[in-house]
Structure formats: C-alpha cells, structure tokens
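Biologist: I am new to this structure and would like to learn how to read its features one by one. Could you take me through them slowly?

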Amino acid sequence: MSNKLKSLIVGVVSLIAIFLLYFGIKFLNGQNLFKNKRVFHAYYQDIAGLTEGNSVTLKGYKVGTVTHISFNPERDNELEVMINIENDIQIPVNSKAKIVSLDLLGTKGISLILGDTNVMVISGSELESEIEA
C-alpha cells in the first residue's frame, strides 16, 4: 500500500473513533441526542447539591435531565438551572420545578409539579422554582 492510502485509512478510522467517543460521552451523561428536547430555566437561591446530569421527573417518571447550572449576575447571583425535557408532555405556565431527594442516599433531582392552567409554556421559558423542605 502507498503512504497516501495508509494516511487516508488512518484519518478515516480516527474520525470514526472521535465520532463514537462523542456519542459515547453524551450517552453516559444521560443525554439523548436523537430526541426532540425542550429547554426550560429555573432560578434558585440554593440548589441543595443538585448537579448537572441529575434527573427531572414527573410523578416519579423521568422526563428529562439537568443540563447546566450557572450563576446569573443579573438576578442577584441566583443559580440558573437549565432543564431539558425529552418527552412531549404539556407543561402549564403555573407549573413548578421543585428540587427533591430522589432516594434514601440524598441524590437530588427536580420534580415537575404541573399547574392547573390551560396555557402551556414554550421552550426557553422560566419555570417557578421551589426546594423541598
């Protein structure tokens, strides 16, 4: 084989390996790259140990994940939590994103508490926040 052909084979194999590594990391983080996602924001004074990758549940059923947590200086340094919802559930405007303990070990997650209005939120909207006492 010529050097050009060997270089081409190495390049193709390298690209495939990088592609598989990227999707493998996303899979291990609990992110599904092939589902339609909607992003919502919630703001908290204290997140009580919530971390990126934690589950978002509705009545105990996992409907999404926490994807990003950051300080928001425009809101008096509250913590902004980005939530990806992977299901097509309709979320009323007056719903709450409540930080709860998911198990006896203290693993934190967000439980969605659906509101009672007929007006639904759209992707990018802010959800009212609450923390379990």
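**Reading the features**

Modeller: Glu 130 is partly exposed, with a relative accessible area of 24%. Please keep in mind throughout that this is a predicted model.

Biologist: Why does Glu 130 count as partly exposed?

Modeller: The class runs between under 20% for buried and over 50% for exposed, so a relative accessible area of 24% places Glu 130 in between, as partly exposed.

Biologist: Which salt bridges does the side chain of Glu 130 take part in?

Modeller: The side chain of Glu 130 meets that of Lys 96 in a salt bridge at 3.2 Å, N to O, and this pair links distant parts of the chain, since Glu 130 is in strand S7 and Lys 96 in strand S5, 34 residues apart. Glu 130 also meets Lys 98 in a salt bridge, at 3.6 Å, N to O; Lys 98 lies in strand S5 and Glu 130 in strand S7, so this pair ties together parts that are 32 residues apart in sequence.

Biologist: Which residues are linked in a network of salt bridges?

Modeller: The network links Arg 75, Glu 78 and Glu 126. Within it, the side chains of Arg 75 and Glu 78 meet at 3.1 Å, N to O; Arg 75 is partly exposed, at 31% relative accessible area, whereas Glu 78 counts as buried, at 14%.

Biologist: How should I read the strands, and in what order do they form the sheet?

Modeller: In general, strands of a sheet pair through backbone hydrogen bonds, either parallel or antiparallel. Here 7 strands form an open sheet with mixed pairing, in the order S1-S4-S3-S2-S6-S5-S7, and the edge strands, S1 (38-44) and S7 (128-131), each pair on one side only. Strands S5 (residues 96-101) and S6 (residues 108-113) run antiparallel and are joined by 6 bridges, and Ser 101 has Lys 108 in S6 as its bridge partner.

Biologist: Is Glu 80 buried or exposed, and which residues is it in contact with beyond its neighbours within four places in sequence?

Modeller: Glu 80, placed in strand S4 (residues 78-85), counts as buried, at 15% relative accessibility. Leaving aside those sequence neighbours, its contacts include His 41, Ala 42 and Tyr 43, as well as His 68 and Ile 69.

Biologist: Which residues form a nonpolar patch on the surface?

Modeller: Among them are Met 1, Leu 5, Leu 8 and Phe 19, and the patch has about 900 Å² of accessible area together. Phe 19 is found in helix H1 (residues 3-28) and is partly exposed, with a relative accessible area of 49%.

Definitions and conventions: Residues are numbered from 1 along each chain as its sequence is written. This is a predicted model: local features need pLDDT of at least 70, side-chain atom pairs count only at pLDDT 80 or more; totals for chains, interfaces and linings use all residues. Side-chain values use heavy atoms; hydrogens and water are left out. Two strands pair if DSSP finds at least two bridges between them. Helices (H or I, at least four residues) and strands (E, at least two) are DSSP runs, numbered from the N terminus. Patches are made of residues with over 30% relative accessible area and no salt bridge: like charges are joined within 9 Å, nonpolar side chains (Val, Leu, Ile, Met, Phe, Trp, Tyr) within 5 Å. Accessible areas come from the Shrake-Rupley method with a 1.4 Å probe; for residues, only the protein chains shown count as cover. A salt bridge is a side-chain nitrogen of Lys or Arg within 4 Å of a carboxyl oxygen of Asp or Glu. Buried means under 20% relative accessible area, exposed over 50%, partly exposed in between (1.4 Å probe, protein chains only). Contact means heavy atoms within 4.5 Å.
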